[in-house]
Amino acid sequence: MSGAGTFRDDFGASVVVALVALPLCVGVAVASGVPAELGIVTGVVGGLVTGWFRGSSLQVSGPAAGLTVLVYEAVQTYGLPALGVLVLAAGVLQLGMGVLRLGRWFRAISVAVVHGMLAGIGLVLISGQLYALGSVEAPRQTLAKLGGVHVLGAQADWVAVLLGVGTIAAMVVWRRVPARLRIVPGALVGVAAATVAAALLRLPVEKVRVTGVLEAVSPPGWGDFEVLASVGAAGTVVALALIASAETLFSAAAVDRMHDGPRTEYDRELIAQGVGNSACGLLGALPMTAVIVRSAANVEAGARTRAARVMHGGWLLLFAVAFPQVLEIVPLAALAGVLLHAGWKLLPAKAVAALWRTHRGEAVVLLATASAIVVTNLFEGVLVGLGLAVAKAAWETSHVHIEEVWEAEGLSVRIVGNASFLRLPKLLDALDALPHGQPVRLDLSGLRHLDHACLTALEGWERMRTPLPGREGVI
């Protein structure tokens, strides 16, 4: 394809992606408890800074619904001025991981944990946005939010609820219109419809509050870095870096399956995300990650090179600088509807059903991870999921099988598989059940792994038995 044709495709795709990104940037910022402009700032950085890197040419970065829970908790705990410090530190950590070539290792994370993380985020997002939909102040804890849903009907602003529900309905219906019309993203259609309805009917609903992009940008001061001395803040930094990196690299793998262009270079992409988050931290903005919704829109719109995502950042900057007043007429309920829809799409119902039919252990890890996130928080919930995944893998790889064969010399017992401490009780029970008073030949040649605990136990068991003379390769 000629250079002019490539530019034309990238230019058109950049407009589509910017239209997809705009309502999501604002909605994620509002849900995170920060000024709406900071979401746009992060989207601009995701295009104009991260977009230049060659890690993943068609993947688009910006503020993500998957980080709203963690950011909201951080802002509530440490305050808005500390957010820039936390994001900057997370970006530096991502840079370090990329330089150390750790990007490829994120592909080793259990898919069940990732789906569980997304499901937990979706549940937390839905529980919070139900209150935002009805313009009701939400409890701080997720369990309290879920427990108080039944009283929302009495407190909700039903005009706002109808606007939000109408936004969701417009997004769902828009997916069924002819493909030539769907070049305009459904989220934009839903928000625009709700905004027009609120303006024409003069509905008394809350709108987005705008102070201006330049006024919203607030670089951290030296005093703000003191927050990093807190153990909780350090944990937040690690969580931001790991979750943003995992979401980015999993998104990259998905985007690679959508096009025939260059494959993702995972370490370079991790460095790109680190640079982008460092820039966002210096501006006091939201953290970024690659977002599959924007990335898919970029590919489907015909993008050819990374120029499309760079230009999408330029469109966001132009809109934020030239037309900030447009945001002030957008109802908050419409953004809540967009995020409710996003949260619902994060719930992996099909994945749970498929895993339950084929790998129930994986389904249990997924459900446990999601439940732990709802009960505790995102970081601790993911740690629970990773711990369960490791324990499950250790248990499954420690299978050991005992075969008993009677030979002319006596009983031969062959142990096959992986003998680890996890299977030691089963192994000893089987050996203790062997007939007493008869010689037993114990064959360990079929073992792929024998840990110290099992070796010690087998040596102790051997001393209690009468060994066969002249045996070879036997205890």
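Analyst: A helix here is a DSSP run of H or I with at least four residues, numbered from the N terminus. The model is a predicted one.

User: What makes Phe7 and Phe11 separated by about one helical turn?

Analyst: Phe7 and Phe11 both belong to helix 1 (residues 3-31) and are four residues apart in it, which means a separation of about one helical turn.

User: How many aromatic pairs does a search of the whole structure find?

Analyst: The search finds three aromatic pairs.

User: Why is the pair of Phe7 and Phe11 called tilted?

Analyst: Rings pair if their centres lie within 6.5 Å, and the centres of Phe7 and Phe11 are 6.0 Å apart. Planes under 30 degrees apart would count as stacked and over 60 as edge-to-face. The planes of Phe7 and Phe11 are at 35°, so the pair is tilted.

User: Why is Phe11 called partly exposed?

Analyst: Buried means under 20% relative accessible area and exposed means over 50%. Phe11 has 36%, so Phe11 is partly exposed.

User: Which residues do ring pairs link into a cluster?

Analyst: The cluster consists of Phe7, Phe11 and Trp315, linked by ring pairs.

User: What makes the pair of Trp222 and Phe225 tilted?

Analyst: The ring centres of Trp222 and Phe225 are 6.0 Å apart and the planes are at 35°.

User: How do you know whether Trp222 and Phe225 are buried, partly exposed or exposed?

Analyst: Exposed requires over 50%. Trp222 is at 81% relative accessibility and therefore counts as exposed. Phe225 has a relative accessible area of 30%, so Phe225 is partly exposed.

User: Why are helix 4 and helix 12 called roughly antiparallel?

Analyst: Helix 4 (residues 80-99) and helix 12 (residues 266-282) pack at an angle of about 160°, with axes 7 Å apart. Angles over 145 degrees count as roughly antiparallel, and therefore the two helices are described that way. Helix 4 passes helix 12 in a left-handed crossing. By class, the contact of these two helices has 11 nonpolar, nine polar and one charged residues.

User: Which residues of helix 4 and helix 12 meet?

Analyst: Among them are Gly84, Val87 and Leu88 in helix 4, and Asp267, Leu270 and Ile271 in helix 12.

User: Which residues does Ala89 touch, not counting those up to four places away in sequence?

Analyst: Ala89, which lies in helix 4, touches Leu228 and Val237. The C-alpha atoms of Ala89 and Ala241 are separated by 8.5 Å, and these residues are 152 residues apart along the chain.

Note on methods: Residues are numbered from 1 along each chain as its sequence is written. This is a predicted model: local features need pLDDT of at least 70, side-chain atom pairs count only at pLDDT 80 or more; totals for chains, interfaces and linings use all residues. Side-chain values use heavy atoms; hydrogens and water are left out. Axes are lines fitted to C-alpha atoms, for helices over the stretch in contact, and angles run from 0 to 180 degrees between N-to-C directions. Angles under 35 degrees count as roughly parallel, over 145 as roughly antiparallel, 65 to 115 as roughly perpendicular and the rest as oblique. A crossing is left-handed if the near helix is turned anticlockwise from the far one by less than a right angle, and right-handed if clockwise. Contact means heavy atoms within 4.5 Å. Ala, Val, Leu, Ile, Met, Phe, Trp, Tyr, Cys and Pro count as nonpolar, Asp, Glu, Lys and Arg as charged, and the others, Gly among them, as polar. Buried means under 20% relative accessible area, exposed over 50%, partly exposed in between (1.4 Å probe, protein chains only).
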